[in-house]
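Hello,

Here is the structure for the file. My notes on what was found follow below it.

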Amino acid sequence: LPDLSLLALHRPDIAGDEVLRRLRGGADTASVPVVIVTADASVDVRHRLELLGATGFLTKPVDVDEVLRWVDRVSQGRA
């Protein structure tokens with residue numbers, strides 16, 4: 001299992017919120033931190049995805065330092 005999942009919200013095959021629902025509903029994946037990657041980081045979108053179990057958000061264009069901070073949080077057990 002991954003230690004961290006970076007999930008694109010707008011995907012060509014299946015909506016990111018549906019992927020998040022499936023991850024949170026899976027016995028093996030329910031506790032994997034999921035960080036949403038999106039250009040649409042409005043308050044409403046964030047709130048909806050937090051209710052679905054999103055751990056955090058990265059706004060496009062993605063700042064590599066922010067990604068590394070998430071990796072550090074997970075590796076230190078703080079996600």
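The mean positions of the 10 positive and 12 negative charges of the chain lie 2 Å apart. Lys and Arg are counted as positive and Asp and Glu as negative, leaving out His and the chain ends; each charge is placed at NZ of Lys, CZ of Arg, CG of Asp or CD of Glu.

This is a predicted model, in which local features need pLDDT of at least 70 and side-chain atom pairs count only at pLDDT 80 or more, while totals for chains, interfaces and linings use all residues. Residues are numbered from 1 along each chain as its sequence is written, and side-chain values use heavy atoms, without hydrogens and water.

Three helices and three strands make up the elements of the chain, in the order β-α-β-α-β-α from the N terminus. Helices (H or I, at least four residues) and strands (E, at least two) are DSSP runs, numbered from the N terminus. The C-alpha trace spans about 30 × 30 × 20 Å along its principal axes.

Of the 79 residues, 34% are buried, that is, under 20% relative accessible area with a 1.4 Å probe and protein chains only; exposed is over 50%, and partly exposed is in between. Of the contacts (heavy atoms within 4.5 Å) with a separation of 6 or more, 49% join residues 24 or more positions apart.

Asp72 sits in helix α3 (residues 64-75) and is partly exposed, at a relative accessible area of 39%.

Regards
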